[in-house]
Amino acid sequence: MTARIIDGKVIAAELRGRVADEVARVRRDHQLTPGLAVVLVGNDPASEVYVRSKHTQTQAAGMASFEHKLPADVSEGDLLVLIARLNHDPRVHGILVQLPLPKTLHTETIINAIDPAKDVDGLHPNNAGRLAGGFAALSPCTPLGCIILTKSVHASIEGMNAIVIGRSNLVGRPLVQLLLNENATVTIAHSRSRDLAKLCAQADLVYAAVGRPEMVRGDWLKLGATVIDVGINRIPVPGAKPKLVGDVAFQEALDVAGAITPVPGGVGQMTVACLLVNTLRAACAIHGLPAPAV
Ligand SMILES: Nc1nc2c(c(=O)[nH]1)N[C@@H](CN(C=O)c1ccc(C(=O)N[C@@H](CCC(=O)O)C(=O)O)cc1)CN2
């Protein structure tokens, strides 16, 4: 058996196309141009790439993009002043602070300062709490992407056994809530869980978001399982560019899984596309318009 490869590039491009159509509609019918502000502190090379890609894709979807680059030694006070300004800027409907922040800044304080209505990362406690309570909320982008990729394989995941390996605020915890909203049966595991192999063997859906290269082995998987690999690990290669690998041993998993996302070209591709969805949703909600059809 060779698993079907879930092509995140194709699915993300299709989603961006649908967002662009809806943006064109709200601009035409409501004279509303959704706007996204992204704040980058410092010069982490991977973050710079992600922020550039957010800027390009936001503009390509017909939305306004506002980039704010601050030095790594910016004070917490100055960053909070910028966020307060963006909270009150009527052109801005989505605010995202690129993570990780330099260690001198307190991430929770910064996230909590974002207006929850503009929190397109879904990290503000209001949104995290609403999601946990099963209420409508802006949800983090990567978990949203995981659900869309899963649904490209299974129209319904009701009653399926899912395991989420990882419990970060950005991925694991919100993903658990989104899976519960889809009526999946969810096991939450993490790096300290005992006998992960045994837990995985029960799962129809495996979400690996633990940040450990190739930790999930092929022989842990149930035959035919759908595997969504959230990991992006850079492995140094002497004299060459680092190699990107996920949290799943891809070659081994190919022989056992029914469907699997590659790294790169899987979940990562969905993160920015879902950010565009959230920005459009936030803009419509702020202006009292019906939720867009994406
Ligand atoms: N405020 C946030 N910070 C971070 C988030 C986030 O959702 N909100 N997620 C990640 C980084 N990220 C977006 O910000 C992101 C990660 C990966 C990709 C992506 O397209 N990955 C490619 C591989 C690209 C590469 O070479 O690194 C792929 O998987 O195909 C896009 C966005 C942490 N920070």
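Predicted model: local features only at pLDDT ≥ 70, side-chain atom pairs only at ≥ 80, totals over all residues.
The chain is divided into two domains. Domain 1 covers residues 30-117, and domain 2 covers residues 141-269. Their C-alpha centres lie 28 Å apart. Both domains give residues to the shell around the ligand, so the ligand shell lies between them.

The ligand is surrounded by 20 residues. The closest are Tyr50, Leu99, Pro264, Gly268 and Thr271. By class, the shell holds 12 nonpolar, seven polar and one charged residue. Four elements each supply at least two residues of this shell: helix 2, strand 4 (94-97), helix 6 (141-151) and helix 10. Helix 10 gives the most, with four residues.

Helix 10 also packs against other helices. Two packed helices are described by the angle between their axes and the distance between the axes.

Helix 1 spans residues 8-30. The axes of helix 1 and helix 10 come within 8 Å and cross at roughly 15°. Angles under 35 degrees count as roughly parallel. Helix 1 and helix 10 are therefore roughly parallel to each other. Their crossing is left-handed. On the helix 1 side, the contact is made by Gly8, Lys9, Ile11, Ala12, Leu15, Arg16, Val19, Glu22, Val23 and Val26. On the helix 10 side, Val267, Gly268, Gln269, Met270, Ala273, Leu276, Val277, Leu280 and Cys284 take part. By class, this contact has 13 nonpolar, three polar and three charged residues. Gly268 of helix 10 belongs to this contact, and Gly268 is also among the residues closest to the ligand.

Helix 2 covers residues 45-60, and helix 10 covers residues 267-286. These two helices pack at an angle of about 50°, with their axes 10 Å apart. That angle makes helix 2 oblique to helix 10. Helix 2 passes helix 10 in a right-handed crossing. Ser53, Lys54, Gln57 and Thr58 in helix 2 meet Val272, Leu275 and Leu276 in helix 10. The contact residues divide into three nonpolar, three polar and one charged. Leu276 of helix 10 meets helix 2, and Leu276 is also listed in the contact with helix 1.

Helix 10 is roughly parallel to helix 1 and is crossed by helix 2 in a right-handed manner. Helix 10 also supplies four residues to the ligand shell.

Conventions. Residues numbered from 1 in each chain as written. Axes fitted to C-alpha atoms, helices over the stretch in contact; angles between N-to-C directions. Parallel < 35°, antiparallel > 145°, perpendicular 65-115°, else oblique. Left-handed = near helix turned anticlockwise from the far one by under 90°. Contact = placed C-beta atoms within 7 Å. Nonpolar A, V, L, I, M, F, W, Y, C, P; charged D, E, K, R; others polar. Near = placed C-beta within 6 Å. Domains from an automatic or database assignment.
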